[in-house]
Amino acid sequence: MNPMEELKLTSPPTEFVPLIVPEICGNEWKYVKECLDTNWVSSVGSYVDRFEKMVAERAGTKYAVATVNGTAALHVALLLAGVHQDDEVVVSSLTFIAPANTIRYVGAWPVFIDAELTYWQIDPAGVVDFLDNGCCWDGESLRNRRTGRRVKAILPVHILGHPVDLDPILAAAEKYSLPVIEDATEGLGARYRGKSLGSLGHAGCFSFNGNKIITTGGGGMMVTNDAEWAARARYLTTQAKDDPIEYVHNAVGYNYRLTNLLAAMGCAQMEQLDKFVEAKQQIAKRYRESLISFSGIHLPKEADWASSTYWMYTVLIDQKVAGIDSRKLLHELAAKKIQTRPLWQPIHRSPAHDASGSPSCPNADALYNQAISLPCSVGLTRSEQDRVIHIIASLLGRQNPSARIS
Ligand SMILES: Cc1ncc(COP(=O)(O)O)c(C=O)c1O
């Protein structure tokens with residue numbers, strides 16, 4: 001069987017609407033083919049440099065260092081921030097687990113901070129309260145009153161394509177001389193008070209995995225304005241090689257460098273970022289216009305200080321009003337071949353992590369219980385989106401809302 005036949009047999013039926021899939025419609029084939037034709041497939045090559053320049057330019061930072069994935073970018077950023085064994089790092093509870101895991105990779109402990117209920121991001125007031133009241137200054141460093149451990153960095157995660165309200169966090173970070181590492185893996189293209197995410201803290205990290213707004217299949221990037229951090233990141237991500245002839249290494253490095261082949265795809269995807277952001281914003285607009293009049297469903301809000309990409313279109317279902325809960329809705333939609341998903345189990349609940357040094361996170365729990373993310377691929381067609389809207393409308397027990405679909 002040839003690969004195309006095999007693909008046809010394993011592909012889902014055409015009426016299946018996936019949650020979020022890549023959009024490959026630019027120069028991807030051309031650039032990747034050029035790597036194959038010229039034999040520049042590995043971790044050195046012009047596309048890696050070009051991809052880094054494109055992302056740095058977009059993020060508004062001086063430097064960018066490509067990595068094998070976003071998790072690796074976060075790991076390296078924590079190493080650069082000097083986070084060590086038994087230190088603590090302040091991080092969002094309501095997020096994908098990777099940032100918390102990277103804190104453990106360096107032997108430190110996450111302190112989980114609750115989400116706020118308006119934009120569902122880490123609550124800046126919670127961060128400030130923890131630093132001001134949950135910690136004390138021992139003359140040299142800030143220590144968590146509960147655990148006695150040193151707090152060494154803040155890692156806010158911009159979730160779902162909307163920014164965290166960073167100013168109060170940046171002010172607290174300055175007060176206590178803590179570096180801020182932005183997990184902007186879901187936020188490429190979004191802005192906070194006019195500035196690109198990733199450029200506001202000491203370093204910002206992006207992911208280019210398959211569900212992100214641009215993808216290289218798997219990939220990541222750390223951006224920064226700090227020349228030393230950038231140089232050290234480049235060194236650590238390439239096995240910390242001090243003498244390329246004799247293979248002398250003065251530090252333990254990592255094989256974290258992105259390949260030219262994947263960077264080529266990244267360049268082609270970056271060329272389309274503006275178009276992709278606009279498509280996502282249009283999808284969000286149609287969902288909003290169609291679903292706003294339904295009770296029992298709460299739509300995502302965009303702050304007046306924010307420009308969201310709506311990387312993921314997530315809504316909250318109020319079971320008491322809607323007559324159906326988020327998980328039942330998910331199963332009903334799945335039965336109709338529409339793929340949706342809940343948010344992540346808040347990490348303070350994760351069996352993989354210890355939350356005993358963290359404040360409580362009731363908002364993250366409530367959001368997790370009610371949230372469901374709807375199909376929002378860049379290439380989602382109007383008729384696919386209509387189908388999703390009509391089925392949700394019928395499941396919420398209302399009339400077909402076609403009259404309201406613009
Ligand atoms: C918030 C967040 N942080 C980190 C990551 C890790 O990125 P990657 O999958 O590229 O390692 C992801 C995405 O997967 C993410 O959504």
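Ala64 stands opposite Val223 in strand S11, a pairing taken here from a predicted model, in which local features need pLDDT of at least 70, side-chain atom pairs count only at pLDDT 80 or more, and totals for chains, interfaces and linings use all residues. Residues are numbered from 1 along each chain as its sequence is written, and side-chain values use heavy atoms, with hydrogens and water left out. Helices (H or I, at least four residues) and strands (E, at least two) are DSSP runs, numbered from the N terminus, and two strands are said to pair if DSSP finds at least two bridges between them.

Strand S1 (residues 63-67) is joined to S11 by five bridges, and these two strands run antiparallel. Strand S10 (residues 203-207) also pairs with S11 in the antiparallel sense, over five bridges, and within this pairing Cys205 has Met222 of S11 as its bridge partner. These strands belong to an open sheet of four strands in the order S1-S11-S10-S7, in which the pairing is mixed. S1 and strand S7 (181-183) stand at the edges with a single partner strand each, so one side of each is left without a neighbour in the sheet. On average, neighbouring strands of this sheet are turned by 20 degrees against each other, direction ignored, where axes are lines fitted to C-alpha atoms, for helices over the stretch in contact, and angles run from 0 to 180 degrees between N-to-C directions.

In a regular strand the side chains alternate between the two faces of the sheet. In S11 both faces are covered, since Gly220, Met222 and Thr224 on one side and Met221 and Val223 on the other are all buried (under 20% relative accessible area, with exposed meaning over 50% and partly exposed in between, for a 1.4 Å probe and protein chains only). Five of the five residues of S11 (residues 220-224) are buried, so this strand is largely enclosed by the rest of the structure. Helix H4 (residues 70-80) lies across S1, S7, S10 and S11 and runs at about 165 degrees to S10. Helix H8 (residues 227-237) packs on the sheet as well, touching S1, S10 and S11, and its direction makes about 15 degrees with that of S1; contact here means heavy atoms within 4.5 Å.

A further open sheet consists of three strands in the order S9-S8-S13, with antiparallel pairing. Strand S9 (195-196) and strand S13 (306-307) stand at its edges, each with a single partner strand, so one side of each is left without a neighbour in the sheet. Strand S8 (residues 191-192) pairs with S9 over two bridges in the antiparallel sense, and Tyr192 stands opposite Lys195 in S9.

Helix packing was also examined. The axes of helix H2 (residues 28-38) and helix H9 (residues 260-270) come within 8 Å and cross at roughly 155 degrees. That angle makes H2 roughly antiparallel to H9, given that angles under 35 degrees count as roughly parallel, over 145 as roughly antiparallel, 65 to 115 as roughly perpendicular and the rest as oblique. Residues of H2, including Tyr31, Val32 and Leu36, meet residues of H9, among them Leu261, Ala264 and Met265. By contrast in direction, the axes of helix H10 (residues 273-291) and helix H14 (residues 382-395) come within 11 Å and cross at roughly 30 degrees, and H10 and H14 are therefore roughly parallel to each other.
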